[in-house]
Amino acid sequence: MTTLAILTAAGSGSRLGRDLPKALVELDGFPLVLHAARRLVASDVVDSLVVTAPDGLVGIMTELLANDPRVQIPVEVTDGGPTRQASVSAGLELARPGDDVVLVHDAARPLVPPDLVRRVVGAVRNGHGAVVPGLPVTDTVKQVRPDGDAELVTGTPDRSILRAVQTPQGFDRDLLVRAHRTGAARALAEHLAATDDAGLVEALGEPVYIVAGDAAAFKITTERDLWLASLVLQETNA
Ligand code: CTP
Ligand code: MG
């Protein structure tokens with residue numbers, strides 16, 4: 001009965017627009033992937049890590065994680081795939097026989113609080129096969145469809161029943177494997193990739209549960225997010 005965390009770090013970071021992959025961009029002197037790994041480890045509920053690396057960077061990432069005194073659990077680094085979904089599938093291949101719970105976390109969410117990690121794993125261990133952290137939506141959201149040079153609003157969903165979801169997402173290992181097998185086959189047929197792992201579980205018709213997310217687990221997508229993250233760090237270190 002062990003918990004594996006798959007840390008997805010194989011993306012290019014095109015929207016950040018740096019000349020190196022997003023997971024290796026530094027925040028407060030350390031690459032994002034290291035921040036994320038340290039926080040997963042600090043939760044004390046993760047037994048091992050599998051990290052998906054961009055093309056040609058398995059060696060660099062292995063060294064980075066192996067030499068960090070705060071990442072004192074077994075770490076394997078593997079090549080990611082062309083999509084996030086393919087990267088998670090590649091990571092899942094490396095699960096060990098005893099891993100009954102699998103977390104999937106994005107290196108792009110470097111400031112995930114260890115408490116949030118514990119909350120997700122706790123809910124999976126309490127019998128929920130798929131668990132996702134979520135936050136209430138603060139903006140009013142419109143549903144639209146293209147209409148000439150603009151978009152036509154086709155509806156305004158009730159905000160109170162919407163949640164913006166984050167990672168880590170936690171799963172019963174067998175359920176996640178099944179969801180990926182089925183999802184991968186469907187994606188191949190339909191030329192699309194799921195944006196999160198919970199979506200693949202939903203597509204199986206299996207229940208997905210939400211636990212309280214945390215604003216600190218926000219995703220770094222653009223330069224502004226990186227700037228925000230460094231402010232958050234300054235504030236917490238002060
Ligand atoms: N990811 C991955 N393999 C891919 C694509 C994405 O492991 N083929 C990872 C990223 O490294 C990131 C997470 O999935 O930690 C979420 O993806 P995103 O925020 O979209 O990161 P990037 O794809 O790197 O950024 P962009 O979409 O701007 O290129
Ligand atoms: Mg992306």
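**Figure 1. The shell of residues around ligand 1.** In this predicted model, the shell around ligand 1 consists of six nonpolar, eleven polar and five charged residues. In this division, Ala, Val, Leu, Ile, Met, Phe, Trp, Tyr, Cys and Pro count as nonpolar, Asp, Glu, Lys and Arg as charged, and the others, Gly among them, as polar. The shell holds 22 residues, of which Thr 8, Ala 10, Gly 11, Ser 14 and Arg 15 come nearest to the ligand. A residue is near a molecule if its C-beta atom, placed from the backbone, lies within 6 Å of it. Residues are numbered from 1 along each chain as its sequence is written, while chains are lettered from A and ligands numbered from 1 in the order in which they are written. Because the model is predicted, local features need pLDDT of at least 70 and side-chain atom pairs count only at pLDDT 80 or more, whereas totals for chains, interfaces and linings use all residues.

**Figure 2. Confidence of the prediction.** The average pLDDT of the protein is 95, and 97% of the residues score at least 70. The pLDDT is the predictor's confidence in each residue, from 0 to 100. For the complex, the predictor gives an ipTM of 0.99 and a pTM of 0.96.

**Figure 3. Strand β1 and its two partners.** Strand β1 covers residues 2-8, and six of its seven residues are buried. Strands (E, at least two residues) and helices (H or I, at least four residues) are DSSP runs, numbered from the N terminus. A residue is buried if 20 or more other C-beta atoms lie within 10 Å of its own, exposed if 12 or fewer, and partly exposed in between, with C-beta atoms placed from the backbone. Strand β1 runs parallel to β6 (residues 99-106), to which seven bridges join it; Thr 3 has Val 101 of β6 as its bridge partner. Strand β1 also runs parallel to β4 (residues 48-53), through five bridges, and Thr 8 stands opposite Thr 52 in that strand. Two strands pair if DSSP finds at least two bridges between them. In a regular strand the side chains alternate between the two faces of the sheet.

**Figure 4. Ala 5 and its surroundings.** Ala 5 belongs to strand β1 and is buried, because 30 other C-beta atoms lie within 10 Å. Beyond its neighbours within four places in sequence, Ala 5 is in contact with Leu 40, Val 46, Leu 49, Leu 103, His 105 and Pro 168. Contact requires that the C-beta atoms of two residues, placed from the backbone, lie within 7 Å. One of these partners, Pro 168, is found in the loop between β10 (163-165) and β11 (169-172). The peptide bond that leads from Thr 167 to Pro 168 is cis, with omega near 10°.

Figure 5. Ala 10 lies in the loop between β1 and β2. Why is Ala 10 classed as buried? Ala 10 is buried because 30 other C-beta atoms lie within 10 Å. Not counting residues up to four places away in sequence, Ala 10 touches Thr 52, Ala 53, Pro 54, Gly 80 and Ser 87. The C-alpha atoms of Ala 10 and Ala 23 are separated by 7.5 Å, although these residues are 13 residues apart along the chain.

**Figure 6. The largest nonpolar core and helix α1.** The largest nonpolar core has 58 residues, and Ile 6, Leu 7, Val 33 and Val 51 touch the most other members. Helix α1 (residues 32-42) gives the most to this core, with seven residues. Such a core is a set of buried Ala, Val, Leu, Ile, Met, Phe, Trp, Tyr and Cys residues joined through C-beta atoms within 7 Å. Residues touched by Val 33, not counting those up to four places away in sequence, include Leu 7, Ala 23, Val 51 and Met 61. In α1, nine of the eleven residues are buried, among them Leu 32, His 35, Arg 39 and Val 41.

**Figure 7. Two aspartates with positive phi.** Asp 44 lies in the loop between α1 and β4 and has a positive phi of about 70° although it is not a glycine. Asp 44 is exposed, because 12 other C-beta atoms lie within 10 Å. Asp 28, in the loop between β2 (26-27) and β3 (30-31), has a positive phi near 55°.
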